Amino acid sequence: MQDSLKSSSYQQLEKKSKYTNMFLRWFLYFILILFASYFIFPLYVMVVTSLKTMEEIRQGTLLSWPSGLNLESWAVAWGGRGYGAGDTFLRPYFWNSIKMVVPAVFFSTFIGAMTGYVLTKWRFKGDQWVFLFLLFGCFIPFQAILLPMARTLGVLGISNSVIGLVLVHTVYGIPFTTLFFRNYYISVPTELVKAARIDGAGFFKIFFKILLPISAPIIVVTVIWQFTQIWNDFLFGSTFSFGEAAPIQVALNNMVLSSTSVKEYNVDMASAIIAGIPTLIVYVLAGKYFIRGLTSGAVKG
Amino acid sequence: MFKWLEKNLPKIVMAPAVGLIGWFVYGFVLWTLYISFTNSKILPKYELWGFGQYEKLWASRKWLIAVDNLLIFTALFLIFCVVIGIILAIFLDQKIRAEGLLRTIYLYPMALSFIVTGTAWKWILNPTLGIQKMFREWGFENFTFDWLVDREMAIYTIVIAGVWQSAGFVMALFLAGLRSVEDEIVKAAKIDGASLFTVYWKILLPMMRPVFFTSFVILVHISIKSYDLIVALTQGGPGISTTMPALYMTQTAFHKSQVGLSAASAMMMFMAVAAVIIPYLYSELRRENAR
């Protein structure tokens, strides 16, 4: 008797918890989707606005669907209207950014790999302090180096040039690239290196034969990180360049702020998407590595 | 000679990094520090002038507004990013369908520049054609949302855009933290009759102390350096109501040509960051040495 009572109340309890569970589950998805729409909202607005005509923008609302695939504002944002002075468009600045990003990513990644290799596999007294010395560079507010950097670029004769920006981005990327490679190489067994050294392999041979072949993941993480940082930079770009040498983010900001004619929001949005699309593509294709870069060193299991 | 080269090769390879950082980071910070003690205007002067620039800085109304804004922004930015980040991380941790897709959506703003997202938010928040108009067309005729052009409220639009950009990052940090906890701990607690809420509130979140700490450091760091977003969204306006220290520094240096004063403001920012970062690096290094 007692037993059956117990089991039935238990069943009831289980039934009840099944309903609460289902309710909680719905609630969970509701909240998650609510936030997803908050995050997607600006992107959606950007895309639909860029496809509307100015007339449609004035008539409709933020969310309203464009009447058709109107790509004219994209063409204007990328290639201009074809009249001379005062016609600003993104194409030349997009190439400036490419010319700046490629060498800067290459040099900073290479230097970081070498430094990370030395700091983990050729350890010496005080290497911890050298690491800390470099690591601090990740955190300084760049305002504290803007003034001397502007003067240095002037002295070197490379202010307002893509080369100047390559130098700046290479230097201030080194702390991050070193951190990435150092944290990666520290988990590679040192025995491998020791054995190779006994076999007579030298410094560079060990790097190219043993470490480089297993470095693909960290190279991807570093390259994506540096690419995103440098492509998206505005502070250095706007301080050390203007006019024709400006990278795309600076050009975008100038375009949006220019108050010469009637505000064309569709062109503004198309421009913003063009400036954001390279990093967005990299993120969608290699999100895993992007996130690993973001959280690297932050959460050490 | 060859022997010496071979023995010192590692240090020679490392020299460029150390040299570049030594010169371009430490050397430059010291230069800025020195200039902040001089009476430099357009061009740097090298005679010492004492603390004059710092006195001028802290007597400037614009700087005080900038510091005030920084405090408001940092506090709200921290609270909202951490709360939203934790909620999303915990919810995503419940064996959710399409988790990968949702995670991608929450984190994509981090891949975009503040100039790009600032441009989008400026358009959304503008009262004539943005959200305000949308609600009015939907029938809420008295709906008003003009924070972007309101001196008192404009700073909060920067919070909205900033949280939108960075909350996903906190989510990623916490999700990685939660996933690194051994399943056994959760299972054991559940067998002991703990509800899911208790498991998170009493066991898992307290275990996330290092993640809280990391998020705190990174978010404060982002907010002290925030510059691009303000330039894109408000340019410090209306008036000077949304000025922040980073914007103050560049405006003072490059528009007003007050090099000494801007160096002083840069050093204040440097000290604020150092106060947060040095304890962090110290504890990280100690944790690593302890292992």
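**Domains of chain A**

The C-alpha centres of domain 1 of chain A and domain 2 of chain A lie 38 Å apart. Domain 1 spans 2-70 and domain 2 spans 91-295; these bounds come from an automatic or database domain assignment. The model is predicted: local features need pLDDT of at least 70, side-chain atom pairs count only at pLDDT 80 or more, and totals for chains, interfaces and linings use all residues. Residues are numbered from 1 along each chain as its sequence is written, with chains lettered from A and ligands numbered from 1 in the order in which they are written.

The contact takes 8 residues from domain 1 of chain A and 7 residues from domain 2 of chain A. Contact means C-beta atoms, placed from the backbone, within 7 Å. On the domain 1 side, helix 1 and helix 2 (54-59) of chain A each supply at least two residues. Helices are DSSP runs (H or I, at least four residues), numbered from the N terminus. Helix 1 of chain A gives the largest share, 4 residues.

Now confidence. pLDDT is the predictor's confidence in each residue, from 0 to 100. Chain A averages 86, and 90% of the residues score at least 70. Helix 1 of chain A has the lowest mean, 78, while helix 4 (residues 91-121) of chain A has the highest, 94. Where pLDDT is low, the predicted coordinates should not be read in detail.

Conventions: Contact = placed C-beta atoms within 7 Å.
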